Amino acid sequence: MGLHVGIDFGTSNSGVGIYQNDQVHVLPLDTKNIVPEVVKTILYITSDYRHFIGQEAVELYYKQNINRQRRFVKKWVGEIDYHGAEMHYVRDVYVYVDELQPGRLMQFIKTALRSEKYTGTQVFDRFYSLSDIIAIYLHSLKQRAESMLQEEISGVTLGRPVKFSQTPELDQKAQTTLHQAALEAGFKQVDFELEPVAAALYYELSLSNPQNVLIFDFGGGTLDLTIMRLGDSHQRMVYASGGISIAGSDFDRAIIQKRMLPHFGKGLVQNDPEILNLIHTIPDWAALPELSTPRARAELERALLAGQAPVRLKALESLIFNDLAFSFYNMVEATKISLSSGGVAVARMKEKDLDIWELYTRAQFEKDIQEHREQIQQVLMDTVSASGMEPGQIDAVVKTGGSSNIPVFSEMLGRTFGSEKIKSSDVFNSVTAGLAIKAHQNS
Amino acid sequence: MIDQNKIDEWIHEVEERPASAALIIQYIANRLSELASREEELAAQNIELLSGRKVEEYESRITILEYQLDLLKRQLGGETVLPTEMPATKPFLELVNLLVYNPMGQVLRVELNPTDLTSGQTVARIMGESPLGDIRPNLLVTNSQEELLFLFDTGRTMALPVTNLPASSEESLDWQQAFIEEPRIKEELAAIHPIAKMSLYEACLQTSRRGFVKKIRTAFLVSHITEKYIGTGVKLPADKTCGLTFADMEDLFVMVSQEGYIFSMRVDRLPVAIEEVIHLGITDHIVAWFTAGQKPSLIFITQNGKAVHRDTSWLEPASSFKTKGQPLPSKERREAGTRIVGAAPVDEADWGVFLHNDGSLTTQKISELLATGSVPAGDKTNSILSFTSFHVPEVNK
């Protein structure tokens, strides 16, 4: 009989918690991270198929990739059959592969769970299904936790958003994939709890009287809302839950689309579909690293020779071919985070041929995410309405998740429910801690 | 990138949160300062362009490229128009050119047929009562398509194709019949170096007898050659330049002294200004210099015909300049008078050529030399004056 732990498998960050001796412990599994209890949901697979997660993955990626050399080789990948009216022929298909690529970095893995089409990816000569990728990550977390606790872990309570997807079939498929991955990772008993409910359980520890509580769980991938009755374990009740697939990564994408793309030629490059396609791929974190192909380089060189926006296209070339995508997304995210504490920030990145300086204000950010704000306001009111309560009947609003710190959403909650009701939970660890309590109850 | 819309947005931020005003001013001021210094750099570059300095630099580069093109043309036989009816192809036999030259600018060239080479054979003999005089000649083996650079100790250079040197009869090499590029007053011919492949390398290393080295980028060397002056490569009055070698930055450069001290160091660490990289004794001087390349072995030849063999990995690259060097022979042997006359990186397919003090030139297969450990000598008074190695070119069909 092994231990049971709670795992918050988040879009940006993850964590492992355990309930022992009437206390919740969130394990400090990433000693290289500034907050060791938080493990970045990042996986790096090297060309010899070794796996690294968290800050270690990030550091190795930087060490092996920035400004590295490339060598593209033509590789046969298969055949295509052509059937015409009176003819049939087979054509070989080749792709260009960078044979010096030292590894592959994967982030926002959880977001892939809500995708209808994503089944997995090719990493060098092996195909990794989505459940393989998640299993590798969960297995690494399990190993680290076992090594720290000096005991085998057999059961896990995994957090899940209220809705992976608005489509019930996709929602079920996502949970099935996550369940399968947990089994592959070596957990014998796997159960699930809604992430906001887990956050509520943690908050409940601090309550002395029963309350109607709205959990506002706003992380990297989704916003989850749950209205619950808490404070009396015998009368715990979920009145309503709701959610929307908007969160931190969508805000980053909005910043890139509205503020960063002009640095790479948007607005200056006209009537050149190949180059425009490269520019419009920048906000797609999964596709950008794949752009470093001889064809893309040839297109860029052609456009540069033609004298099209040379400074911007040089910057685009540098972003693509110096493996700066990860640094770029981090820079955008860091700018967004710094706007939570101040009214102004500078998005700055200076590398070879790439010089971004963008003064960015909170007012601009709020304008850029206006559409998302309206959607969030709507889902918030819908959830309150579904609970059968008026906003005034909500006793407390508990914020959790990194994006819940964005001031415009605190103001939104304050306006709706009264600012005195807004409680900040531990933004990164409350879900993990709640899952640890749930795991203890399930064991 | 800063347009009116953005400025309006910043003003809007200040209206909403007046505290942001100070931050915005600070960020913009920092950026202005950064841009001002960059503008100054660009203005300086612009002045260079306007004053013509950049033009001169580009003209110099064009001259270098034209020289290299000329060199290639000469190697490939110029712009000869091929006859419309091609003659039947015959196997093309690449001859080995053995050059013997002395400080007086005299050069003897012997053409050797590689298929006739046998190990231990005397391939030529320098005739006369005193065939070598008081001066020690040097050896060089090259192919017929080479371009040779004559390097004089004054730093003067002269380039000419191998085939411009008259070939001597094998039996009787006579200095009286030698090609002569007469040195100027107080000048000596220091070395002859093949340069046809220099554009394939990143750097050229000029070496002096007293262990000084200067690294020149190949691109700059071309302009030196065009100007027929490369520099003396020395700092001390008693020193003299003794040779050149081409190398890539990651190669291991090796120098060997007569008393058997060896200096080795990666080329990228070598100085671009003339510097003493190995500190030699007062009576010692450099006799061999080369890059280790991909050859697995090093061979060192002593004046009494001993062939000392070491793996290339035996070299211990120096960590600093002015070191004493890695010793090869023991102290006892050195004190007993053992001296190195030549050294080279080799593999078993290579050949060695030896100049004996009686004027005879002999060849030997390196594989045999590695096996026997010594160069066959006629009698005990016979000693070796000079050694070099070469690779027999394959027959082109």
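Predicted model: local features only at pLDDT ≥ 70, side-chain atom pairs only at ≥ 80, totals over all residues.
View 1. Strands here are DSSP runs of E with at least two residues, helices are runs of H or I with at least four, and both are numbered from the N terminus; two strands pair if DSSP finds at least two bridges between them. Look for A:D224, which sits opposite A:G243 in β16(A). Residue numbers start from 1 along each chain as its sequence is written, and chains are lettered from A and ligands numbered from 1 in the order written. Local features need pLDDT of at least 70 and side-chain atom pairs count only at pLDDT 80 or more, while totals for chains, interfaces and linings use all residues.

**View 2. The open sheet β16-β15-β14-β19-β20 of chain A.** Five strands make up this sheet, with mixed pairing. At the edges are β16 (237-244) and β20 (422-424) of chain A, each with a single partner strand, so one side of each has no neighbour in the sheet.

**View 3. Helices α1(B) and α2(B), packed at about 145°.** Helix α1 spans residues 4-16 of chain B and α2 spans residues 20-51, with their axes 8 Å apart. Axes are lines fitted to C-alpha atoms, for helices over the stretch in contact, and angles run from 0 to 180 degrees between N-to-C directions. B:W10, B:E13 and B:V14 in α1(B) meet B:S20, B:A21 and B:I24 in α2(B); contact means C-beta atoms, placed from the backbone, within 7 Å.

Notes
Contact = placed C-beta atoms within 7 Å.
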